[in-house]
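Visitor: Could you take me through one part of this model in close detail? I would like to know what packs around it, and then what else is worth a look.

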Amino acid sequence: MSTTESAIASAEAHSAHNYHPLPIVVASADGAWMTDVEGRRYLDMLAGYSALNFGHANRRLIDAAKAQLERVTLTSRAFHHDRFADFCTRLAELCGMEMVLPMNTGAEAVETAVKTARKWGYQVKGVPDGMAKIIVAANNFHGRTTTIVSFSTDAEARADFGPYTPGFEIVPFGDLTAMEAAMTENTVAVLLEPIQGEAGVLMPPAGYLAGVRELTRQRNVLFIADEIQSGLGRTGKTFACEHEGVVPDMYVLGKALGGGVVPVSAVVSSARILGVYRPGEHGSTFGGNPLACAVALEVIAMLRTGEFQQRATELGDHLHHELGVLAGGGAVETVRGRGLWAGLDIV
Ligand SMILES: *Cc1c(COP(=O)(O)O)cnc(C)c1O
């Protein structure tokens with residue numbers, strides 16, 4: 001057996017088969033390139049599902065992590081630490097918002113957004129207890145918790161994991177009329193990916209996000225943008241919502257926020273919305289830890305220059321031009337996406 005084959009055989013024997021990886025065993029990576037245990041090199045076009053927007057082993061991110069590793073890595077939120085205020089302030093600034101609630105993984109940030117919208121609904125909007133509804137889109141991907149798979153339309157992600165959490169309405173992505181029809185006085189939020197990532201990099205129809213913004217404003221409903229995969233540079237903007245000139249009420253961020261080094265996620269919103277929390281009502285042992293904040297602060301500093309967004313736009317134009325040549329002739333049927341994010345339908 002080759003080194004690759006034996007590594008795959010042991011992984012299959014001793015890990016749950018909840019993934020079906022390509023038969024490559026990565027040993028190291030640098031920038032956009034990965035090297036496997038046999039010394040073969042691969043161009044990494046997945047980029048950790050947009051967690052690696054700054055490349056593998058980015059010097060600035062590795063240095064920031066190393067420096068913080070030597071100082072303090074975890075305090076829990078029972079104490080303040082000296083990277084926390086900067087992280088929250090800078091991230092809120094980057095988002096043009098006021099407050100940050102840090103978590104670790106994307107799914108936890110989505111859960112946080114759901115809890116926040118419900119609490120806002122009861123405390124601020126005046127929805128009767130237990131009645132809050134959140135509208136989501138078909139073919140969404142927001143993570144893997146029991147609540148989140150409750151509103152998935154993907155049978156694989158959902159089957160055999162019930163009973164499911166109530167309180168969600170599913171409407172077709174891109175259909176404003178259906179969304180309006182689904183709204184009641186108990187609707188507290190619309191939760192959407194501005195570009196549907198796992199569904200296949202599906203673009204919203206022109207004007208859709210602006211329409212959702214207008215509708216949610218009129219009906220006093222929160223617009224929550226899950227920018228975990230679409231945000232932080234890959235599409236050529238800090239947020240995919242910017243392509244449509246839209247500012248939501250809440251951003252849900254993850255993946256690239258931790259630079260591919262550590263899991264860092266957050267909900268970012270206004271004081272009117274995130275101000276609903278009191279001590280003890282929500283939290284996370286690792287959320288907002290010093291190591292996470294140090295790495296994320298470097299990510300935010302890199303995004304503030306606009307240089308990475310610019311580069312994703314330029315390289316993305318080249319990528320889409322060349323992919324466009326392939327489309328419709330042979331194996332590639334259609335090509336979608338923005339910047340350095342592309343989805344292909346392969347025949
Ligand atoms: C990946 C992803 C999540 C879940 O993030 P995890 O860190 O895997 O929990 C949520 N929403 C979107 C849009 C994602 O792409």
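Guide: What covers the buried residues of α12 includes α11, β11 (332-338) and β12 (341-346), where contact means heavy atoms within 4.5 Å. Helices (H or I, at least four residues) and strands (E, at least two) are DSSP runs, numbered from the N terminus. Before going further, please note that this is a predicted model, in which local features need pLDDT of at least 70 and side-chain atom pairs count only at pLDDT 80 or more, while totals for chains, interfaces and linings use all residues. Residues are numbered from 1 along each chain as its sequence is written, and side-chain values use heavy atoms, with hydrogens and water left out.

The residues of α12 that are buried are Q309, A312, G316 and L323; buried means under 20% relative accessible area, exposed over 50%, and partly exposed in between (1.4 Å probe, protein chains only). Helix α12 covers residues 307-326, 20 residues in all, and reaches 29 Å from its first C-alpha to its last. That is close to the 28 Å expected at 1.5 Å a residue, the expected span being 1.5 Å times one less than the number of residues. After α12 comes G328, with a positive phi near 85°.

Helix α11 (290-304) turns up again in the cover of α3, being among what covers the buried residues there. In α3 (residues 59-69), those buried residues are L61, A64, A65 and Q68. Seen down the axis of α3, they fall within an arc of 95°, so they line one face of the helix; the arc is that of the directions from the helix axis to the C-beta atoms. At the start of α3, a side-chain oxygen of N58 comes to within 3.1 Å of the backbone nitrogen of R60. This is a polar contact: a pair of N or O atoms within 3.5 Å, where within protein one must be able to donate a hydrogen and the other to accept it, and residues adjacent in sequence count only if both atoms are side-chain atoms.

From R338, M131 is 207 residues away in sequence and 38 Å away in space, C-alpha to C-alpha. M131 sits in the loop between α5 (106-125) and β5 (133-137) and is partly exposed, with a relative accessible area of 41%. Leaving aside neighbours within four places in sequence, M131 is in contact with Y122 and N186.
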